[in-house]
Amino acid sequence: MHTTALDALLPAFVVVPERPFLMGTPVAALSDLARRYGGTRESYREETPQHELRLPAFRIAITPTTNALYAAYVAATGVAAPSHWRNGLPPDALRDHPVVNVRWEDAQACCAWLRAVTGVPFRLPSEAEWEHAARGSDGRSFPWGEGFEPAWANTREANQGATTPVGAFPAGASPYGVRDLAGNVWEWTASLDDVYPYRPDDEREAVARSGRRILRGGCYANPHGFARCACRFRLPPGVLNEFIGFRLAADAQEE
């Protein structure tokens, strides 16, 4: 594909600056989470302890990867299209919706193709980068703040029952202006399922390592407790379903 045509399909990006931010959930908050969202204290233990991180600046896509962009990748490479497409193409009405039915390996391969075609080192965000982009530096529960707003995210409470066009809930943007970080689709991250505190130097983003990978954000079928910025979900990298997509990231200094 000609790069000019591809550029029109790429999402806009925002730089998330290098600054301290809070990752995870305080142990003292576990009982409250269980009362609000169900389960037990142990259901949320994987989010603890809350800890402060400072990551290098990075870029992240303002919206998830669309069917239209993924269709360009499928057409250029001949890889298998998502199973719900027909004749290798997404339905016209879904071109601006997030791509779903993609495995972690599929998301990685799409990033590799984009790197080769554009010269920009696109990749999946780490789960730490994802969380910083979602909650900013103040440890908020949702991208927009503390209280849940049903009209600001495509979760079960929005009663959509399916994906919506990317960016369709602008009021739900994060402090950095990133959209769809709560609901719509779960998003693969680069990170392996590992315990907290998060350590950037322990190779949990290594592509060659085996194990379950972390997804973030919740989806249209989940109640809003799964759309909290600190919520972690994990699946084997070969899993694909109608609730899972991905978002692009890149190092901030790369142009």
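Residues are numbered from 1 along each chain as its sequence is written, and side-chain values use heavy atoms, with hydrogens and water left out. Because the model is predicted, local features need pLDDT of at least 70 and side-chain atom pairs count only at pLDDT 80 or more, while totals for chains, interfaces and linings use all residues.

The chain holds five helices and nine strands, where helices (H or I, at least four residues) and strands (E, at least two) are DSSP runs numbered from the N terminus. Along the sequence their order is α-β-β-α-β-β-α-α-α-β-β-β-β-β. Taken along the principal axes, the C-alpha atoms fill a box of roughly 55 × 40 × 30 Å.

Among contacts with a separation of 6 or more, 74% come from residues 24 or more positions apart, a contact being heavy atoms within 4.5 Å.

The buried residues in helix 3 include Asn 67, Leu 69, Tyr 70, Tyr 73 and Val 74. Just after the helix, Gly 78 takes a positive phi of about 80°. Apart from neighbours within four places in sequence, Thr 63 is in contact with Pro 11, Val 166, Gly 167, Arg 179 and Arg 247.

Next come the spaces within the model. On a 1 Å grid over the protein atoms alone, a cavity is a set of points where a 1.4 Å probe fits but cannot get out, and a pocket is an open set with protein on both sides within 12 Å along at least five of seven lines; lining residues have an atom within 4 Å of a point. Grid points are joined across faces, edges and corners, and a volume is the space filled by probe spheres set on the points.

The largest pocket holds about 300 Å³ of space. It is lined by 16 residues, of which Arg 123, Ser 126, Glu 129, Glu 205 and Asp 251 are the closest to its centre. This lining comprises nine nonpolar, three polar and four charged residues. Here Ala, Val, Leu, Ile, Met, Phe, Trp, Tyr, Cys and Pro count as nonpolar, Asp, Glu, Lys and Arg as charged, and the others, Gly among them, as polar.

One cavity of 30 Å³ or more is found in the whole structure. The volume of the largest cavity is about 50 Å³, and its lining residues include Trp 144, Trp 152, Phe 169 and Asp 180. By class, six of the lining residues are nonpolar, three polar and one charged.

Finally, the whole structure contains zero disulfides, defined as pairs of cysteine sulfur atoms within 2.5 Å. For Cys 110, the nearest cysteine sulfur belongs to Cys 111 and is 6.0 Å away. Cys 110 is buried, at 1% relative accessibility.

Conventions:
Buried means under 20% relative accessible area, exposed over 50%, partly exposed in between (1.4 Å probe, protein chains only).
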